[in-house]
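Thanks for coming. I will take a few minutes to go through one model, helix by helix and then residue by residue.

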Amino acid sequence: MIQRLPLRLMLPIGLASLVVACGSPEPTTETGDSAAEPEASIIEVRQENFEGIADAFKAIRGQFEGDTPDFVVVETNASIINANAQLITGHFPEGTGIDSGAETEALEVIWETPEEFAEAAGNLVAASSALADAAAAQDLAAVQEGVGNLGGACKACHDVFRVEQE
Amino acid sequence: MAAVSQTKIAIWDWPVRVTHWAFALIIPAMWWTAENSQMGWHKRLGLLLLALVIFRFLWGLAGTETARFARFVKAPATLINAVIAALSRKPGPPEEPIGHGTIGGWSTLVLLGAILTQISLGLFAGDPFDGATGPLNSLVGVSLADRLTDWHETFFWALIGLIAVHLCAIAFYHFVSRRNLVGPMISGMGQVNGLDIREGAALKNGISPASLPRVLACAAISALIVAAIASGILVPA
């Protein structure tokens with residue numbers, strides 16, 4: 001798993017560990033206890049992870065603005081999403097939700113219904129894997145369906161487990 | 001220096017003051033809602049701010065004397081002269097007895113333009129799979145929307161910079177020139193400029209009252225534009 005960690009993640013994760021090592025300069029929670037520091041850093045790590053997914057999915061959708069999508073770009077970015085998606089469930093230790101006072105949009109329902117959350121994350125792993133396979137097979141119809149399913153997996157999880165955006 | 005009358009006269013009409021103070025309240029609220037994941041409120045307040053800015057631009061065409069761009073936006077050459085004069089602490093070009101000076105008038109236009117720019121970027125910002133989107137987001141592709149979102153985040157700091165300059169100018173007038181600009185923006189009443197006033201300048205007795213039909217007409221046009229943007233009729237299904 002570590003060997004397959006995308007390059008783009010190494011810098012943020014490295015920086016995040018550095019922040020922990022140096023003592024976190026970022027705003028801590030109102031309780032201000034020292035235990036909040038590693039929690040704040042895992043929030044940063046998971047946000048970077050999700051941003052990696054968002055950027056990769058934008059790169060994939062960008063391929064459908066022109067005449068012909070580049071299947072290599074789609075496959076590469078679907079693989080990035082797949083690698084990041086496998087990390088998601090490990091990024092949500094107890095006490096790092098919105099009720100902790102930290103700057104996060106992670107709703108407490110993540111910890112109230114952990115099976116559903118794991119399933120939603122698993123759907124993203126499956127959808128990104130299917131899209132990568134479809135792109136590798138250069139199957140346009142399957143890729144288009146795969147992009148739709150991937151977007152559905154993002155949205156379905158956000159609708160339930162993330163702060164309302166509207 | 002011309003004689004300064006102690007008599008207070010009407011300088012700013014009420015729509016100018018209401019829009020000004022609404023900007024002062026809503027812009028910090030826009031920042032707060034964005035920072036605190038209150039995107040529903042960010043969008044609603046953004047549309048309200050858009051309506052107010054459009055209204056202010058229309059009022060700049062149809063409002064009272066000191067509200068009008070035609071009166072307070074001077075030729076660029078005049079602006080350059082005024083800036084050079086201010087920097088060398090010499091008397092600048094003749095100014096109106098009340099209302100924006102040459103530099104202040106351009107500052108007003110730039111600030112209004114910056115607010116409008118920032119809102120316009122926000123209308124297209126966001127990603128439908130990742131949280132909130134502006135009402136016109138689907139008019140642009142995912143790559144352009146991504147770039148406009150970045151600009152929306154970056155241009156906020158340009159707007160903050162301009163607001164900081166605005167506040168510094170008010171502080172400068174207060175502490176150095178001993179002129180209170182805040183009071184007249186609240187009450188609408190103030191004294192004429194103690195500057196070199198244009199020969200035969202009008203408005204020594206203050207501005208005319210704001211015409212209610214004109215206020216309503218500007219508000220109606222502005223509301224129609226914002227309703228069209230917010231309703232989604234501009235966006236293909």
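Predicted model: local features only at pLDDT ≥ 70, side-chain atom pairs only at ≥ 80, totals over all residues.

Residues are numbered from 1 along each chain as its sequence is written, chains are lettered from A and ligands numbered from 1 in the order in which they are written, and side-chain values use heavy atoms, leaving out hydrogens and water.

Helices are DSSP runs of H or I, at least four residues, and strands are runs of E, at least two, numbered from the N terminus.

Chain A comes up now. Helix α5 (residues 114-136) packs against helix α6 (residues 140-161) of chain A at an angle of about 165 degrees, and the axes are 8 Å apart. Axes here are lines fitted to C-alpha atoms, for helices over the stretch in contact, and angles run from 0 to 180 degrees between N-to-C directions. That angle makes α5(A) roughly antiparallel to α6(A); the cut-offs are under 35 degrees for roughly parallel, over 145 for roughly antiparallel, 65 to 115 for roughly perpendicular, and oblique for the rest. The two helices cross in a left-handed sense, meaning that the near helix is turned anticlockwise from the far one by less than a right angle, with clockwise being right-handed.

Which residues meet there? Among them are A:Phe117, A:Leu124 and A:Leu131 from α5(A), and A:Val147, A:Leu150 and A:Phe161 from α6(A). Contact means heavy atoms within 4.5 Å. By class, this contact has 15 nonpolar, four polar and one charged residues. Nonpolar covers Ala, Val, Leu, Ile, Met, Phe, Trp, Tyr, Cys and Pro; charged covers Asp, Glu, Lys and Arg; the others, Gly among them, are polar.

α5(A) also packs with α3(A), at about 160 degrees with axes 8 Å apart, and this pair is therefore roughly antiparallel. The crossing of α3(A) and α5(A) is left-handed. Residues in that contact include A:Phe71, A:Ile81 and A:Asn82 of α3(A), and A:Leu124, A:Ser128 and A:Leu131 of α5(A). The classes are 11 nonpolar, five polar and one charged.

On to chain B. Helix α2 (residues 39-62) and helix α5 (residues 102-124) of chain B pack at about 140 degrees, with axes 10 Å apart. α2(B) passes α5(B) in a left-handed crossing. Contributors include B:Leu50, B:Arg56 and B:Phe57 of α2(B), with B:Leu112, B:Gly113 and B:Ile119 of α5(B). That contact divides into 11 nonpolar, two polar and one charged residues.

Now the single residues. A:Thr96 sits in the loop between α3 (71-87) and α4 (109-112) of chain A. Is A:Thr96 buried or exposed? A:Thr96 is buried, at 0% relative accessible area; buried means under 20%, exposed over 50%, partly exposed in between, using a 1.4 Å probe and protein chains only. A polar atom of the A:Thr96 side chain lies 2.7 Å from the backbone oxygen of A:Pro93.

B:Ala85 lies in helix α4 (residues 76-87) of chain B and is buried at 7%. Leaving aside neighbours within four places in sequence, B:Ala85 is in contact with B:Lys90, B:Pro91 and B:Gly92.

Last, B:Thr133 is in the loop between α5 and α6 (142-175) of chain B, and is buried at 18%. With neighbours within four places in sequence left aside, the contacts of B:Thr133 include A:Glu166, B:Lys43 and B:Asp127.

Key:
Polar contact = N/O pair within 3.5 Å; in protein donor to acceptor, adjacent residues only side chain to side chain.
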